[in-house]
There are 6 protein chains.
Amino acid sequence: VPFPHLLHPGQSHPLLKQWNNGPSIKAHQLMFPIFVSDRTGVKEQIGSLPDHYRWGVDRLDELLDPLVALGLRSVLLFGVISDEKKKDRTASFADKDDSPVPKALRRLRERYPSLLLATDICLCGYTSTGHCCILCENKAKQGILHIENQASIERLAQIALSYAQAGAHMVAPSDMMDGRVGAIKYLLRSAGLESRVPVMSYTAKFASVYYGPFRDAACSGMSFGDRSSYQLGVGSRELALRALARDVAEGADFVMVKPGGPYLDIVRDVRERVNVPVAIYQVSGEYAMLYHAAQAGAFGLKEAVLESLVCAQRAGASIFITYFTPLLLQALAQNK
Amino acid sequence: VPFPHLLHPGQSHPLLKQWNNGPSIKAHQLMFPIFVSDRTGVKEQIGSLPDHYRWGVDRLDELLDPLVALGLRSVLLFGVISDEKKKDRTASFADKDDSPVPKALRRLRERYPSLLLATDICLCGYTSTGHCCILCENKAKQGILHIENQASIERLAQIALSYAQAGAHMVAPSDMMDGRVGAIKYLLRSAGLESRVPVMSYTAKFASVYYGPFRDAACSGMSFGDRSSYQLGVGSRELALRALARDVAEGADFVMVKPGGPYLDIVRDVRERVNVPVAIYQVSGEYAMLYHAAQAGAFGLKEAVLESLVCAQRAGASIFITYFTPLLLQALAQNK
Amino acid sequence: VPFPHLLHPGQSHPLLKQWNNGPSIKAHQLMFPIFVSDRTGVKEQIGSLPDHYRWGVDRLDELLDPLVALGLRSVLLFGVISDEKKKDRTASFADKDDSPVPKALRRLRERYPSLLLATDICLCGYTSTGHCCILCENKAKQGILHIENQASIERLAQIALSYAQAGAHMVAPSDMMDGRVGAIKYLLRSAGLESRVPVMSYTAKFASVYYGPFRDAACSGMSFGDRSSYQLGVGSRELALRALARDVAEGADFVMVKPGGPYLDIVRDVRERVNVPVAIYQVSGEYAMLYHAAQAGAFGLKEAVLESLVCAQRAGASIFITYFTPLLLQALAQNK
Amino acid sequence: VPFPHLLHPGQSHPLLKQWNNGPSIKAHQLMFPIFVSDRTGVKEQIGSLPDHYRWGVDRLDELLDPLVALGLRSVLLFGVISDEKKKDRTASFADKDDSPVPKALRRLRERYPSLLLATDICLCGYTSTGHCCILCENKAKQGILHIENQASIERLAQIALSYAQAGAHMVAPSDMMDGRVGAIKYLLRSAGLESRVPVMSYTAKFASVYYGPFRDAACSGMSFGDRSSYQLGVGSRELALRALARDVAEGADFVMVKPGGPYLDIVRDVRERVNVPVAIYQVSGEYAMLYHAAQAGAFGLKEAVLESLVCAQRAGASIFITYFTPLLLQALAQNK
Amino acid sequence: VPFPHLLHPGQSHPLLKQWNNGPSIKAHQLMFPIFVSDRTGVKEQIGSLPDHYRWGVDRLDELLDPLVALGLRSVLLFGVISDEKKKDRTASFADKDDSPVPKALRRLRERYPSLLLATDICLCGYTSTGHCCILCENKAKQGILHIENQASIERLAQIALSYAQAGAHMVAPSDMMDGRVGAIKYLLRSAGLESRVPVMSYTAKFASVYYGPFRDAACSGMSFGDRSSYQLGVGSRELALRALARDVAEGADFVMVKPGGPYLDIVRDVRERVNVPVAIYQVSGEYAMLYHAAQAGAFGLKEAVLESLVCAQRAGASIFITYFTPLLLQALAQNK
Amino acid sequence: VPFPHLLHPGQSHPLLKQWNNGPSIKAHQLMFPIFVSDRTGVKEQIGSLPDHYRWGVDRLDELLDPLVALGLRSVLLFGVISDEKKKDRTASFADKDDSPVPKALRRLRERYPSLLLATDICLCGYTSTGHCCILCENKAKQGILHIENQASIERLAQIALSYAQAGAHMVAPSDMMDGRVGAIKYLLRSAGLESRVPVMSYTAKFASVYYGPFRDAACSGMSFGDRSSYQLGVGSRELALRALARDVAEGADFVMVKPGGPYLDIVRDVRERVNVPVAIYQVSGEYAMLYHAAQAGAFGLKEAVLESLVCAQRAGASIFITYFTPLLLQALAQNK
Ligand SMILES: [Zn+2]
Ligand SMILES: [Zn+2]
Ligand SMILES: [Zn+2]
Ligand SMILES: [Zn+2]
Ligand SMILES: [Zn+2]
Ligand SMILES: [Zn+2]
């Protein structure tokens with residue numbers, strides 16, 4: 001019985017191994033999501049996301065100084081509004097001067113000149129409904145979720161422009177409305193910022209059960225309805241690829257798949273179809289799974305987290321948005 | 001700003017939704033892994049795999065009667081040898097008449113005539129070293145792991161033939177030696193069984209940290225060395241695809257990716273390249289992650305497990321080997 | 001001589017067969033083309049399309065009641081104008097209140113609430129020239145076919161909007177002008193219907209000899225020139241794929257290949273490139289070939305028609321627009 | 001509304017048209033199937049294949065002289081045995097010296113030195129069962145169709161070698177047994193003919209209803225059972241692609257899809273995967289459909305036949321085996 | 001040891017060879033770049049491009065009469081301005097009536113009615129900076145290269161329209177600004193020329209060292225900065241494919257890869273992704289390499305040039321823009 | 001006019017640039033071809049390959065010491081026989097103990113323990129005919145080139161085994177006979193070396209005019225005939241891909257495309273189809289083109305050579321066999 005396909009000879013010499021090795025994970029590929037509170041002086045434990053906190057802008061240095069020293073190169077900022085009175089139908093507080101994200105941008109831009117500042121762009125943290133869009137008020141009163149798509153994308157574009165003007169190097173719309181990338185690009189262009197502020201689109205954002213803990217972190221539960229009417233069905237490869245075509249046609253400079261780990265086939269699909277870098281967002285439920293299984297002794301946490309990123313890189317992602325960033329920065333620093 | 005790509009209109013009528021829906025998970029796609037003990041009368045809790053047991057052949061009815069009633073269509077049998085004295089260099093006990101797998105095959109073939117009986121084919125449960133292959137004895141004494149590939153694949157083929165003759169409908173080699181699918185096919189052909197007993201190959205079996213709990217279940221820890229010299233490096237898309245080319249060239253009728261969930265990009269890659277059905281093995285570490293995170297309240301277990309299978313199906317798998325089979329059979333029965 | 005690739009073992013058990021089977025044709029995948037006359041009370045035999053008729057709106061129940069009872073889920077409406085005086089350069093009668101399609105839409109919407117109503121959108125049934133577009137009047141006088149593309153697509157969009165407002169669930173432009181999908185989408189959006197009325201585009205409509213009998217059915221022969229200047233050359237894979245790119249960029253929600261059977265390579269090409277459902281139109285010449293060859297005893301009609309649809313499904317189509325719908329509904333009902 | 005994708009400007013000048021045109025059909029791409037009778041002096045009308053005949057070897061000049069003059073470059077020979085007594089279990093008459101195909105090869109090789117002579121290789125014309133393989137005699141007595149695959153491919157290889165030695169330039173096995181291409185290659189190599197006699201494999205031969213008339217032509221009806229156990233299911237893209245992988249792995253130099261027209265998606269699939277030329281066999285049912293629909297006035301025969309070949313070429317075929325070869329040779333000669 | 005893949009049998013007969021042959025290079029695929037001077041009566045040797053000249057419009061017949069007689073079908077015109085005073089920030093002389101390109105268009109349109117006239121569209125030959133775009137004047141004074149993209153593409157579109165109105169059959173923008181194809185299309189459409197004047201886009205134009213001699217030919221050296229901020233990095237497959245997506249989305253009718261020979265992988269990539277014809281520009285450095293190596297005796301010039309074009313055709317190009325056009329026309333004429 | 005596809009924003013920050021950058025060329029990717037003479041003490045200038053020499057084994061240190069110091073990691077050895085009397089029909093001197101390659105292997109293995117030693121495997125340097133294979137003696141006398149394929153591959157396998165036993169880490173057959181990779185693998189396996197000595201196959205070796213100078217270097221001109229009957233036609237993408245399928249099916253561990261630069265489309269094609277590393281051989285004619293054009297002032301040599309390798313890497317090659325290795329090692333050392 002002949003069996004010509006042998007995997008060993010091609011790795012029989014140190015140089016051949018080197019020729020067969022892919023790249024290893026680098027610190028500059030990590031992007032750290034940060035929850036910035038509208039409250040001063042706080043460092044609030046997020047119950048469902050062990051070891052993570054909501055931070056007052058004035059305490060961000062405490063969080064970031066050691067991470068930047070370890071090689072952190074980029075962050076993704078989420079604003080968290082604890083005061084329900086600041087929330088309304090059109091998310092008007094999102095881009096106020098004293099809203100947490102603009103404040104944080106000004107602070108971080110000054111303190112960490114080489115840190116890339118990306119901001120999540122969505123309405124859900126600032127709307128009274130907790131939805132990612134502007135809803136028809138009359139229908140909402142009847143408990144019907146009717147999206148005002150055009151009004152929503154215009155509002156999202158305003159916020160994106162405000163954040164860009166406040167210092168964001170990148171804006172990352174997570175709302176999943178049709179046309180929001182194009183609307184943001186259009187407004188950036190009107191302001192002469194079209195070549196300076198790229199858009200990373202949450203392109204394939206699925207209506208997953210793995211987001212549970214996040215809502216706790218971002219204080220963004222919904223008052224009624226759910227997000228499945230604008231996020232993608234978990235089995236919908238076709239819709240994900242149409243959303244990709246949509247975002248690329250609207251001008252996305254970076255695309256993201258969220259959740260990451262359980263959707264690596266979509267990462268591969270995306271990577272085969274576009275030529276912009278692909279990010280994954282390792283969501284809170286993934287964090288919980290790795291964390292709690294390691295706690296229960298199923299495997300070592302560091303090894304399992306590293307495997308999860310190597311898997312994402314194998315699938316075609318090159319940017320990793322993960323709550324494990326601090327753990328990873330330390331692990332990578334030790335391996336040097 | 002025009003934005004032509006709208007995801008909603010194509011789903012604006014019940015018939016259009018139907019036209020856009022993919023298939024849902026069916027009970028017949030589930031394959032249940034069973035650990036069959038060499039001890040009579042036992043039902044031993046597997047510590048690291050909550051709700052799972054090692055079963056004596058004489059108590060398998062207790063496990064299977066309710067599952068078959070719920071629609072179980074196939075099982076994957078693993079033999080577990082508690083008596084270390086039965087283990088030797090060449091795994092000679094594996095295909096003895098009173099070895100657990102042949103005994104179970106005879107029992108199940110009789111009691112469940114329409115249940116598809118697949119058997120894992122490997123040496124690790126029966127070798128004194130705990131390795132999946134025959135090792136060079138002299139080198140092993142020096143602590144060097146030197147695989148005797150030819151001897152190993154001949155032994156694996158003998159076991160596969162024995163199991164086929166004892167009633168297995170399918171044999172599933174998990175050892176990752178070069179040439180074992182071809183060797184099995186050759187021996188099956190000599191015995192006139194080549195058209196009756198297909199081979200499901202563990203084609204893309206990665207050296208993952210997610211196997212931890214399994215070793216406890218199968219009592220197959222290694223005495224020295226590890227399996228990384230014959231399993232695939234976790235980042236090795238290239239090697240996985242070469243292993244796929246190898247197995248298909250040797251005649252595999254079904255191929256498997258293991259672990260499943262964190263390797264869905266590989267499932268997609270495999271699905272694009274071959275035209276045999278693709279299985280995933282949702283391994284013990286995946287079980288642990290879903291189980292413990294649900295315990296910790298991150299999400300509902302049933303919802304998360306269903307999402308994990310829908311994801312696998314989206315990636316291109318159509319056969320799911322999972323410890324959650326009992327949970328899923330119940331969930332699917334309720335949805336009917 | 002080893003020959004590893006065996007097709008039999010993978011199908012040696014009933015469950016394995018099930019694992020290898022693709023889906024069968026379902027009644028809900030059929031769309032039935034109906035010719036609606038501007039004349040009341042008629043049921044006119046279409047000479048070249050045996051067993052098919054032009055129907056007065058008031059007699060549609062007679063046609064549809066039994067088909068809906070058999071499981072018909074969708075129809076595609078064509079208006080047929082017998083009175084040449086109603087035809088003019090701009091197809092002005094197409095969307096008049098008493099034009100056959102709006103009248104039929106109102107009737108069917110009322111009588112069959114769950115039937116999906118799609119309407120063909122074209123000018124050729126309503127123009128004095130019989131062409132699918134508005135022609136330059138001066139050039140036409142000289143016998144030169146000069147398309148006024150912009151005027152044509154605006155007119156097509158008006159008709160599509162009218163039909164949508166009259167109750168169409170879907171509009172299907174068959175004219176092959178550049179920009180008509182975009183123009184329709186634009187007008188639907190202005191009227192707030194963009195999310196409720198999808199567009200199924202005749203994307204790859206070839207200038208085939210197989211349309212012969214259709215013209216008789218639709219009374220849409222041309223007074224001069226032919227359609228080869230706007231339909232695709234039969235050998236033009238490149239143009240078909242550019243037309244696909246065009247329609248998808250303009251926002252098509254469903255795409256169609258026409259004719260179906262002899263263009264299944266194009267169906268495969270389309271299916272590989274887009275993620276919207278793909279329809280085929282089994283045209284009148286295909287109907288004639290199957291019908292007459294069966295009459296001549298070459299094969300059984302039902303078997304041959306079923307094979308033709310199974311072929312189309314294998315190629316990647318999931319929606320079948322066919323004159324054999326009644327025959328198929330009966331065949332599928334018997335197989336249940 | 002912008003619509004950038006215009007199909008017209010790229011064809012606005014004669015040179016641009018030339019740059020966009022693909023190749024036209026050439027006479028050298030046609031291969032003409034000929035039924036050679038075991039009877040001398042005959043020219044027997046084939047009832048179900050209008051205008052075609054079974055020819056005695058001594059009357060082949062009458063058929064071929066005018067066609068060769070028109071540019072015919074290749075033929076595909078089928079032997080037809082009218083005398084049932086010459087048929088047996090192992091098709092022993094197939095390669096006898098006075099069997100029609102060897103006789104025809106000797107005659108044609110002499111008279112038409114530049115004509116490529118291909119021969120169909122199968123058992124069905126010579127077995128008493130009418131099956132394409134050697135069946136187990138005992139099981140056949142019980143009405144069970146049990147293929148003796150090894151014996152069958154050895155017999156097929158003998159016949160192929162005999163025909164090659166009698167002058168065939170190419171052998172074309174149509175039986176669909178596993179391993180027959182490899183077996184033929186092996187025997188050709190033993191005889192030093194491996195580089196001189198290529199194999200064109202009937203790779204994707206489907207169990208189609210469109211073969212009806214052929215059986216009449218070749219006198220090869222079956223005494224019991226049908227061919228669906230060795231031909232491909234009509235919806236089986238996966239099996240067709242596995243058969244392709246099989247034949248290419250065994251060394252096929254040319255591959256064929258049969259039937260042609262309704263399986264053009266498979267032609268496209270094949271063309272994308274292999275780098276050998278791809279043939280289609282336009283079968284008797286396709287002939288019947290085109291012929292009878294043209295007779296009924298649905299379209300012109302010549303135009304429809306030409307469209308069918310242009311479609312096949314668009315799909316990726318470059319060799320056309322068709323009963324319309326005489327009609328096409330005349331049409332192409334006129335177009336020069 | 002079996003080795004089934006033999007390359008010989010498939011070519012063992014003259015007809016089989018013909019079936020395996022691809023098309024040969026044809027004269028109509030060649031496009032000849034011509035440098036048209038603003039000076040009358042000149043034929044100036046271009047130092048770095050042996051055997052090539054800058055021609056006065058009044059002496060073009062001398063160059064073209066013999067080439068058209070040999071079968072030349074298309075030219076690509078470059079204007080060369082020797083008088084630096086005619087150059088300014090906005091390239092205003094480019095489309096003046098007495099600018100070389102419009103003058104040449106009028107002359108050639110008259111003398112060679114069937115010759116396709118394509119014109120390079122760029123600013124670099126007419127700007128005082130020598131850059132391909134309009135630069136911000138203030139920043140330029142500081143030595144900073146800041147592109148005014150919007151102004152640049154509007155100017156390029158004006159020039160393209162002027163040339164189209166002066167008789168160009170095709171315009172070929174080589175500047176690499178974002179949006180220029182769309183801007184040209186928009187202006188052509190305003191003038192009713194959208195269906196008559198296609199755009200061949202320099203889509204994948206790399207910042208290569210192989211352009212050296214060209215700048216001498218076109219007198220277009222830059223006063224400061226270099227073109228690497230708007231041409232593609234030589235290793236940037238991703239950017240090239242994004243530029244392709246951009247140009248196709250803007251409506252390019254033909255696309256070009258430049259340089260040709262060392263970028264054939266990009267030609268293959270482009271060919272796989274779009275369905276418009278693909279051109280390569282065999283640049284001056286390629287000319288120099290072939291010319292000087294042949295001079296040094298490394299190989300024959302004609303053989304090497306022919307191989308270079310056969311390579312480009314194999315990669316998927318069908319249009320060859322080359323300074324070797326005269327040599328090739330002669331070679332092809334001799335081979336007839 | 002909107003133009004969403006902008007290439008600039010995605011590179012507007014240093015980190016974004018890093019995210020978009022591909023890998024740079026590393027010294028370990030270079031493989032240096034060395035001509036080893038059968039004469040002692042020589043360093044003979046190769047006329048047509050400026051700056052390159054044929055070296056006596058005893059002078060190799062002189063060549064390699066400085067290169068290894070600069071980071072050279074691998075060499076490819078060619079034996080050069082100056083004494084025509086040592087050449088015969090079967091290349092018997094190739095693996096004699098005092099043949100240059102075995103001698104060099106022993107020397108280099110000792111002096112440079114970490115240098116990877118690859119050896120070209122062919123007959124042409126050792127046959128009296130100068131052909132890469134054993135020819136039929138009788139036919140050769142008649143001037144007919146008739147390859148004895150089986151004898152040739154057996155001889156090549158013997159030589160490969162000898163070289164492996166003399167210390168080669170890798171063998172690289174360049175002869176293009178069918179089955180030689182399989183024959184070498186078979187013999188290596190018999191000797192227990194199958195896992196230690198990989199095969200790098202000259203898979204896509206074209207019959208190019210760019211080899212001219214090489215023959216001078218290797219003293220391997222042919223006495224009659226040429227190599228086009230076993231090397232690939234320059235336009236034959238199909239044959240190249242079939243040769244790739246052949247070599248991979250026979251077990252090649254690395255594949256090579258030769259020449260490199262003008263065949264980068266084939267590199268891309270190969271890279272898309274296989275998962276082994278891909279090498280290019282930048283041949284002597286490419287060396288001549290770059291060298292002489294730089295001499296003539298068309299561009300800088302170092303810049304042009306670097307561009308040529310970056311192009312090859314972009315196309316998918318990761319190993320570069322090039323005569324410019326010394327120049328590149330210096331350039332890379334300076335860039336550090
Ligand atoms: Zn949100
Ligand atoms: Zn094992
Ligand atoms: Zn029409
Ligand atoms: Zn047969
Ligand atoms: Zn320029
Ligand atoms: Zn050689």
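I take buried to mean under 20% relative accessible area, exposed over 50%, and partly exposed in between, with a 1.4 Å probe and protein chains only. By that rule C132(B) is buried, because its relative accessibility is 1%.

**Conventions.** I am working on a predicted model, in which local features need pLDDT of at least 70 and side-chain atom pairs count only at pLDDT 80 or more, while totals for chains, interfaces and linings use all residues. Residues are numbered from 1 along each chain as its sequence is written, chains are lettered from A and ligands numbered from 1 in the order in which they are written, and side-chain values use heavy atoms, with hydrogens and water left out.

**Zinc ion, ligand 2.** I looked up the protein donors (N, O and S atoms within 2.8 Å of the metal, or 3.2 Å for Na, K and Ca; water is not among the atoms, so sites may look incomplete). They are C122(B), C124(B) and C132(B), each through SG, lying 2.3 Å from the ion. Their spacing along the chain is C-x1-C-x7-C. I find C122(B) and C132(B), ten residues apart, in the loop between strand 5 (116-121) and helix 4 (137-141) of chain B. Helices (H or I, at least four residues) and strands (E, at least two) are DSSP runs, numbered from the N terminus. C122(B) also counts as buried, because its relative accessible area is 6%.

**Zinc ion, ligand 6.** In chain F I find this ion coordinated by the SG atoms of C122(F), C124(F) and C132(F), at 2.3 to 2.4 Å. The donors follow the spacing C-x1-C-x7-C. C124(F) is buried at 13% relative accessibility, and C132(F) is buried at 1%.

**E137(F).** I place this residue in helix 4 (residues 137-141) of chain F. E137(F) is partly exposed, because its relative accessibility is 45%. Its C-alpha is separated by 40 Å from that of L30(F), 107 residues apart along the chain.

**V283(F).** This residue sits in the loop between strand 9 (278-282) and helix 10 (284-295) of chain F. At 2% relative accessibility, V283(F) is buried. For its contacts (heavy atoms within 4.5 Å), I set aside neighbours within four places in sequence and list Y210(F), Y211(F), K258(F), P259(F) and Y323(F).

**R314(C).** I locate this arginine in helix 11 (residues 301-315) of chain C. R314(C) counts as buried at 5% relative accessibility. A polar atom of its side chain lies 3.0 Å from the backbone oxygen of P262(D). Not counting residues up to four places away in sequence, R314(C) touches, among others, L264(C), R268(C), V234(D), Y263(D) and D265(D).

**Helices 8 and 9 of chain B.** Helix 8 (residues 237-250) and helix 9 (residues 264-273) of chain B pack at about 40 degrees, with their axes 11 Å apart. Axes here are lines fitted to C-alpha atoms, for helices over the stretch in contact, and angles run from 0 to 180 degrees between N-to-C directions. Helix 8 contributes R237(B), A240(B), L241(B) and L244(B) to the contact, and helix 9 contributes I266(B), D269(B), V270(B) and R273(B).

**Chains B and C.** I note that a rotation of 180 degrees with 0.0 Å of shift along its axis superposes chain C on chain B, with RMSD 0.0 Å. This is the relation of a two-fold axis. The superposition is by least squares on the C-alpha atoms of residues with pLDDT of at least 70 in both copies. In chain C, the C-alpha nearest the axis belongs to P23(C), 4.7 Å from it. The same surface serves both copies, as 100% of the contact residues of chain C recur in chain B.

Definitions and conventions
Polar contact = N/O pair within 3.5 Å; in protein donor to acceptor, adjacent residues only side chain to side chain.
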